[in-house]
Amino acid sequence: MSLFKARDWWASVLGEGEEFDQGCLCVGDVDNSGSGYDKIVVGSFMGMLRIFSPHPAKPDEPTEADAQLLEVQLPDPIIQVETGKFVSCSELLHLAVLHPRKLSVYAVSGTAGNVEHGDQYQLRLVYEHNLQRTACNMTYGPFGGVTGHHFICIQSMDGMLMFFEQETYAFGRFLPGFLLPGPLSYCIRTDSFITVSSTRQVECYRYETLAVATDADTKQDSDQQSKSSGKRLMADWTLVLGEEALDICVPNTSSAMSSIFVLGERNFFCLKDNGQIRFMKKLEFNPSCFLPYGSVSEGSTNILMCNHNNMLLVYQDVTLKWAAQLSCVPVAVRVANFPELKGLVVTLSSDGHLQCSYMGTDPSFFTAPKVDAREVNYDEVDTQMKTLQKVIREATKTQDILPRAETEEELTLTAIVSSNLDEVSCAVIAEMNGMPVPSVTVKVKIKSRSAVQSPKMTVCVQPPLAVTQDQFVLDSMGSGCELVVRFSAFLNGHYPPADLCGDIAVSYSSATGIPRVSQCKFNLPLRLVCYPSSAVKNAKYKITVDTNKPPVNLNEVFPDFSEKSENNDSSALGFQLITGSRVIVLVSKTSQRYRIQSESFEDIWLVAKELVQRFDQHFASLGVKDFRNSFTGPIPLPEYFETVDHHFELRVNAQKYQDLLSERAVQFRAIQRRLLTRFKDKTPGPLQNLDTLMEGTYRQVIALADAAEDNRECLIQAFTRLRSATHLLILLLSLWQGLGSEQTAILEATLLPLLQDTPQLGWEESVDAAVSHLLKTCLSRSPKDQAISLSTGPLTIPKDMSRLKKHITLLCDRLGKGGRLSLTSEANVPTTVMMPVGCESIPEPIVEQEEEPPLQQDATKYIKKKQPSKRIKSKSDSSKESSREKKEKDSGKEKESKVSSKDSKKESSKESSKESKRESTKESKEPTKDKESTREKESSKESGKEKTKVSRKSSVKVKEKKSEAGDG
């Protein structure tokens, strides 16, 4: 609230139930009295026109009726009123009143009274124009540089500017690209009109340009004529505001320079007459109206601005000079001169509160009473301070962005999935691939702790899963009430789902009317999407999961599948997906390993996830606390990239179908136009096979539309399979490196950023951006790489998958080297870890950030190999020998060696200890001469590397080139 209040000088309430807007108020010497004092003219949407000459009430005058000079009821609503020289044969001021379909110009005259009733005022119609279009607003001025007269420009609701040269209609022009009308103003200095279009940009049109442009009776005629003949109407300049404009005003304060003031919803702009911004002011309130006027200081302008907080603010350019409190929210503000006082602020509200006020203060005689002095108990103050500090510490312990939920929610949800399938299936598709489609019942218990109103429950499952009913409108519940809702879930598509989880949300209003939402999740059983089947030993795709406990009986882990399985072998179990392939789980009799295999890579996901979860539950029920699942590799990136390539190919096909369909549609419409022209022609002529061409084009459009629809269905299935494959890759990476829940969540957000593909944003570009961010932040090789700024351009579909494959491969490699996933940007130095047998490190070449990454085959061949190559063997052996030689040297030379050579020695020494044992049998079979010659070559390369002190990555390149030359 403002410290100061606007002082009321005169006020009045106009009518009852009438509405007013910013154009309904104007001030001026409308009766041409010659005194130089203003009158107030007010028009309402009810058609009531009033004219006031206010003056302050004296103590002996109980009424203010003589302040109102005239009140006339017009037949039409009044949109805007203005005073100006609108009559050709007179230079006196006249009153222009704009109605929706009429423009009327009146003369206001006063006659001195001979009796005590005072002066009499009359309103005489001079001329009027009937409008062909509904008017929105108007402006006036000496268009074209005329002197002594004012012309009028009216903007219609459909974007036409109608120009009236007093009693004569001049011409009309349609604004290009018009959608909705905006504020309109006239600049005298440049003889141009300024408006704000629906594209939220200021547009300036010169009067000369409007006058010579092509005339048109309709908007369609204007568009056609501007393309065919005549001069096309173009804006002199434009400026993007980015928001809607409430009003435009061009004060005529200086002949050398004119400023254009635009009031937006959140900002206030001051422009030069050439479209450049002089200054702008960001507002912290919602403005309602404004009025620029001349300032005492040269080069600046004062602005009166009113807002919806009943405030009247005075700015000098962008500096706030004064603030005053008003009694209502004005929609129009003016400055007027009256006999007793000049420069009064006239405000009009939307409900008819007309007020004349000035800004000033009244002295306050209030003095604060003295406070009785009392002694301070310092011990009590210290105790209170400690208590408050403890409360502050407790409140600032957690830095959660969202507020913590209350301990007891008003509504609790509990979802219970039935352990048995429904006896009578509720599935829409009764049978798929010769197998019946089952359904399972989910029971939701809703319990309220207090009264809730209008609860609505929504159930969401991922396709191709579906439910019998996903929306429930429940009755209002009282305190302690409990409600049970049942629905069934089933498979409703010819492809396996990527997730068996579902979400339940209940939206409701509390007793105080606050909207709340309660949520819960549920997991559907694996039995819903597959059947037990016989085990087959051979399959195309295989994954091995290791454990640290002896193998268990699969019939105990999967009792719901072993009972109905035809095979009683406890070391093998088969799962036949209803809409997929068969997945087999095999138990090793000699080791603690479990193999999952299938003919489809992505179908392994659901069974692998279920196997890991049931192992955890099984050993937890036995009281085993140190049970752990692991994966030794290799990471199946080539198999995963096959799924990625298939999805990307379907996306490219969808774009091609869209382009072809657009071309054929344009061709079809062109043929239609030509045929229509031929049919309308009065002299019939030959069709020149246009009908045949139209029929052929129609068939092509239908065929392309069908193909695009089929491709869209395939794309939905491919994206679901891609999600399954990505889930499987994340599971293997977490088991491979033992990632925690936080790091696994970051990995899921990186590789699964979307729930569905859209034409504007797809999976490939989203994942590429997310993986690139991780490689440059938490998985970067050095803090120097983190300083590289990430690209902020728009995400578009890539040309190929080589870059994405390279980035995913580097992500897996850096995770294998001990990289830690984190959302912080601090440097993350990879820790040395014990690498599994089949997962060698990827040699990363030294390339610039802008360089195109190598092909995927070169990047993934090291991960795909199950055994180390000869090149890796020789490298490990030679590094072992070189490490022994370097230990004999003095410690001073070791400190001078580079950090990269230290890392390579550490990693190679650790790898060689394991690899030498496993590969000793293989090396014994090779000729002795080849091994000795290879070792001599590699040791010579290592000694050369120590002398020249080249980097580790460049030495990898040199070794590769020399070894390839030696092999050749």
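Two strands are taken to pair if DSSP finds at least two bridges between them, where strands (E, at least two residues) and helices (H or I, at least four residues) are DSSP runs numbered from the N terminus. The structure is a predicted model, in which local features need pLDDT of at least 70 and side-chain atom pairs count only at pLDDT 80 or more, whereas totals for chains, interfaces and linings use all residues. Residues are numbered from 1 along each chain as its sequence is written, and side-chain values use heavy atoms, with hydrogens and water left out.

The secondary structure of the chain comprises 18 helices and 44 strands. Of its 968 residues, 43% are buried, a term that denotes a relative accessible area under 20%, with exposed meaning over 50% and partly exposed lying in between (1.4 Å probe, protein chains only). When contacts between residues at least 6 apart in sequence are considered, 61% join residues at least 24 apart; contact here means heavy atoms within 4.5 Å.

An open sheet is formed by four strands in the order β1-β28-β27-β26, with antiparallel pairing. Its edge strands are β1 (6-13) and β26 (330-336), each of which pairs on one side only, and the twist from one strand to the next averages 25°. Within this sheet, seven bridges connect β1 with strand β28 (residues 353-359) in the antiparallel sense, and A6 has M359 of β28 as its bridge partner.

Strand β16 (residues 201-206) is mostly covered, five of its six residues being buried. Strand β15 (residues 192-196) is joined to β16 by five bridges, and the two run antiparallel; V196 has V202 of β16 as its bridge partner. These two strands form a hairpin with four residues between them, and R200 in the turn has a positive phi of about 65°. β16 also pairs with strand β17 (residues 237-240), again in the antiparallel sense, over four bridges, with W237 of β17 as the bridge partner of C204.

In strand β43 (residues 593-598), Q597 is buried, with a relative accessible area of 1%. Apart from its neighbours within four places in sequence, Q597 contacts V536, K537, N538, A539, Y541, K542, R582, V583, I584 and L586.

Among the helices, α7 (residues 637-680) packs against α12 (residues 802-816) at an angle of about 145°, with the axes 12 Å apart; axes are lines fitted to C-alpha atoms, for helices over the stretch in contact, and angles run from 0 to 180 degrees between N-to-C directions. The contact involves L637, Y640, F641, V644 and D645 of α7 together with L804, K805, I808, T809 and C812 of α12. By class, the contact has seven nonpolar, one polar and two charged residues, where Ala, Val, Leu, Ile, Met, Phe, Trp, Tyr, Cys and Pro count as nonpolar, Asp, Glu, Lys and Arg as charged, and the others, Gly among them, as polar.

Helix α8 (residues 690-737) has 48 residues, which at 1.5 Å a residue should span 70 Å, and the distance of 67 Å between its end C-alpha atoms agrees with this; the expected span is 1.5 Å times one less than the number of residues. Just after α8, G738 takes a positive phi of about 65°.
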